[in-house]
Amino acid sequence: MKKSLSLILSLVMIITTLAVLPFSASALPKIGTLGTEGTTYLFESGTVDINGKGTTMHNYTNTGEDVSPFKNSTEIKKAFIMNTPNIGSFLFIGCSNLTTVEIVNDTTTIGDNAFFNCTSLETVDFHNKDVLTTVKEQAFSGCTGLKEFKFPKSLTILGNYAFEGCSNLERVIIPNPNCYIGGNAFINCAKLKGFTYPEITSPTKAIFAGVFYGCSAMKKVSLPGNIAYVDYSAFEGCTALTDVYFEGTQEKWNAIYWQPNNDAAKNATLHCNCEWGYCGDNAEYVYNNVDKTLTISGTGKTDNYNNDLGAGAPWYSYKDDIESVVIKEGITGIGHYNFADESNLKSITVPKSLQNFGNSAFNNTTSITEVNYAGAQSEWEASPLSSYGTFNTATVNYNTSPEPEPEPTFDVTYDFNGGTKDGKGTYVTKQVAFAPDITAANFIDAMGVTAPAGKVLDAIEINGVRYELGSSYLLNKNTTYKYIWKDIAPVVTATPKATLSATSYTYNGKVRTPSVTVKAGNTVLKKGTDYTVSFAKGRKNVGTYKVTVTYKGKYSGTKTLTFKINPKGTSVSKVTSPKKKQLKVIWKKQATQTTGYQIQYSTSSKFTKKTTKTVTVSKNKTMSKTISKLTSKKKYYVRIRTYKTVGKTKYYSAWSKAKNVKVK
């Protein structure tokens with residue numbers, strides 16, 4: 001997408017008059033600047049055009065006076081960003097109607113929370129420009145409209161919580177094999193189906209905590225061979241995970257140190273010496289580095305790759321090792337540059353479904369000596385692939401096995417007994433004659449029948465004989481098959497109650513993570529099956545932190561709990577009466593995570609309300625305080641505590657032990 005020079009010049013001219021134009025207080029101004037660095041924008045018809053003019057865009061905050069002019073805007077639907085090295089922090093936070101973002105030219109960094117809670121965002125287009133290197137923390141957190149995200153090959157850092165709570169995200173492609181992925185990057189991406197993890201670049205060779213926490217739909221994951229450590233809950237809640245592809249050996253896998261809550265990955269089927277990944281909308285690949293074979297399966301066409309960009313296809317790093325390519329039935333096309341520069345590729349297996357190769361699919365690959373074709377010679381000669389130049393010098397092997405005879409079919413009638421198929425109560429179709437392995441349970445799935453409201457399949461009745469869900473039977477012609485339904489069991493109605501093991505901590509410089517217990521009545525619910533838990537980030541400094549419990553399965557809804565971290569206390573070192581009607585308090589300095597101190601003095605050792613007064617010391621480096629206008633010859637008790645101000649809230653430590661002095 002290109003913008004005319006006249007539009008940009010007009011924008012520059014309009015900006016100079018910005019201060020004198022009247023704007024509505026409730027609407028986004030048509031023109032404006034983003035910070036003080038020279039970035040300008042033009043807004044009209046739902047689209048905001050941002051021109052950085054080569055300068056660094058301002059990084060905004062979420063609160064206070066320094067917030068983005070776009071914050072929580074419902075007017076912005078599209079954004080076009082050009083000529084800026086960065087997209088500022090919190091720039092589009094809460095823009096709930098933003099659907100499309102186009103980024104061109106020199107943007108290398110997407111700032112913290114830049115698109116936080118842009119719930120309608122569906123498309124981010126980088127215009128195939130390999131410049132972007134860094135996506136910072138929570139950049140796309142809460143973007144529930146995202147289904148797929150393809151990064152350019154230049155990406156090297158994906159920050160903590162980058163896609164947190166992107167609940168409809170199904171696929172993420174990170175082409176750079178050396179990209180750094182931060183902790184909790186995909187936490188609670190409940191529809192993420194699979195992921196190819198790049199080579200680990202951290203010094204600890206670790207997969208960080210919570211990376212795939214709550215990714216309950218993820219079935220496959222590909223992990224690099226240099227893993228040494230998997231942190232807490234990296235795979236917690238990955239209940240659908242069936243296959244783990246590991247580039248290393250079984251011995252390297254056995255040497256990995258696993259922190260708790262990663263059983264989903266440890267118990268999945270392990271494929272060593274393999275890498276798995278996506279290579280098309282409905283296509284995937286597996287590379288086995290022992291037999292040097294690349295297998296492509298699925299349906300449709302594989303992606304196009306531009307070899308001029310240097311990285312090519314996702315298996316490009318193995319280009320000098322691959323010796324054979326096996327393409328499975330169902331793949332109809334191979335995209336551009338898929339097998340370019342593969343110097344040792346000797347054989348390729350081609351299915352009958354394959355119809356074409358893209359431009360330069362085998363560019364600079366001249367080593368193929370054998371083609372194994374799934375069809376007969378006549379089918380090969382009729383195929384457009386037979387004239388493909390790469391195969392001119394190769395030996396073609398054909399399938400000489402006779403085609404299997406199709407199984408006979410016949411008409412049968414199905415009585416749906418209240419259920420429907422295409423809106424009908426009975427349905428006549430042709431079915432395979434002999435199917436002794438068909439069961440009542442899988443037969444309804446094959447037919448695509450919709451059950452009556454509030455019902456579920458119980459059995460199949462054939463000529464008055466009842467067949468239970470686990471039983472098998474033959475399909476017979478001229479017979480009516482009747483569906484037998486039963487009422488759906490009532491849903492559990494007990495309301496879950498969630499509690500924390502602790503709701504208050506004292507600051508000690510370490511992250512605090514209370515355990516969560518959830519009960520429905522007297523039944524203790526199971527984490528991962530009945531609920532998931534997510535913690536607010538940080539949880540180390542003084543403040544209040546949220547714990548979100550999300551119910552699942554038989555239970556629904558969420559529960560937010562909180563706990564506090566209070567400052568560490570101090571103690572009274574000495575109390576004296578230096579002059580008449582005075583006392584002086586000296587205490588131990590406690591400057592870490594504190595704002596100041598509170599001193600209480602009282603004539604009662606129990607510090608009763610009527611006898612007690614409080615003095616606030618607002619500097620945490622102060623270590624003494626003199627209090628005057630007291631009553632002579634009276635004994636005074638003194639105690640102290642620290643406090644920390646966070647926003648508008650004050651957090652207090654416990655009171656110290658009291659010391660006393662008789663005032664002169």
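Before the first stop, one cut-off: a disulfide is a pair of cysteine sulfur atoms within 2.5 Å. Keep in mind that you are looking at a predicted model.

**Stop one: the cysteines.** Select C215 and C189. Why is there no bond from C215? Its sulfur is 5.3 Å from the closest cysteine sulfur, the one in C189, and that is too far. C215 also counts as buried, because its relative accessibility is 0%. Over the whole structure, the count of disulfides is zero. Now select C118, which is in no disulfide either: the nearest cysteine sulfur belongs to C95 and is 5.1 Å away. With 0% relative accessibility, C118 counts as buried.

Show residues 206-207, which are β15, and 257-258, which are β19. Together with β17 they make an open sheet of three strands, in the order β15-β17-β19, with parallel pairing. Strands of a sheet pair through backbone hydrogen bonds. β15 and β19 are at the edges with a single partner strand each, so one side of each has no neighbour in the sheet. Click on A206 and look across to Y229, its bridge partner in β17.

**Stop three: the core.** Which residues have the most contacts inside the largest nonpolar core? Select F92, F115, F140, F163, F186, F212 and F235; the core they belong to has 76 residues. Strands that each supply at least two of its residues include β2 (40-44), β3 (47-51) and β15. Another core, of 33 residues, lies apart from it, and I296, I327, I334 and A394 are among its members. Back at F186, leave aside its neighbours within four places in sequence: its contacts include L158, F163, F195, F212 and C215, the cysteine from stop one.

**Stop four: rings.** There are 44 aromatic pairs to find here. Start with F92 and F115: their ring centres are 5.3 Å apart and their planes are at 10°, so this pair is stacked. F92 sits in the loop between β5 (86-87) and β6, while F115 is in the loop between β7 (109-110) and β8 (123-125), 23 residues apart. Both are buried. Then try F195 and Y197, with centres 6.1 Å apart and planes at 75°, so they are edge-to-face. F195 and Y197 are both buried as well.

**Last stop: charges over rings.** Select R171 and find it over the face of Y278, 4.8 Å from the ring centre. Finish with K650, whose charged end sits over the ring of Y643, 4.8 Å from its centre.

Conventions:
Residues numbered from 1 in each chain as written. Predicted model: local features only at pLDDT ≥ 70, side-chain atom pairs only at ≥ 80, totals over all residues. Heavy atoms only, no water. Buried < 20%, exposed > 50% of the residue type's maximum accessible area, 1.4 Å probe, protein only. Pairing = 2+ DSSP bridges. Helix = DSSP H or I, 4+ residues; strand = E, 2+ residues; numbered from the N terminus. Core = buried A, V, L, I, M, F, W, Y, C linked by side-chain atoms within 4.5 Å. Contact = heavy atoms within 4.5 Å. Phe/Tyr/Trp six-rings, centres within 6.5 Å; stacked < 30°, edge-to-face > 60°. Lys NZ or Arg CZ within 6 Å of the ring centre and 35° of its normal.
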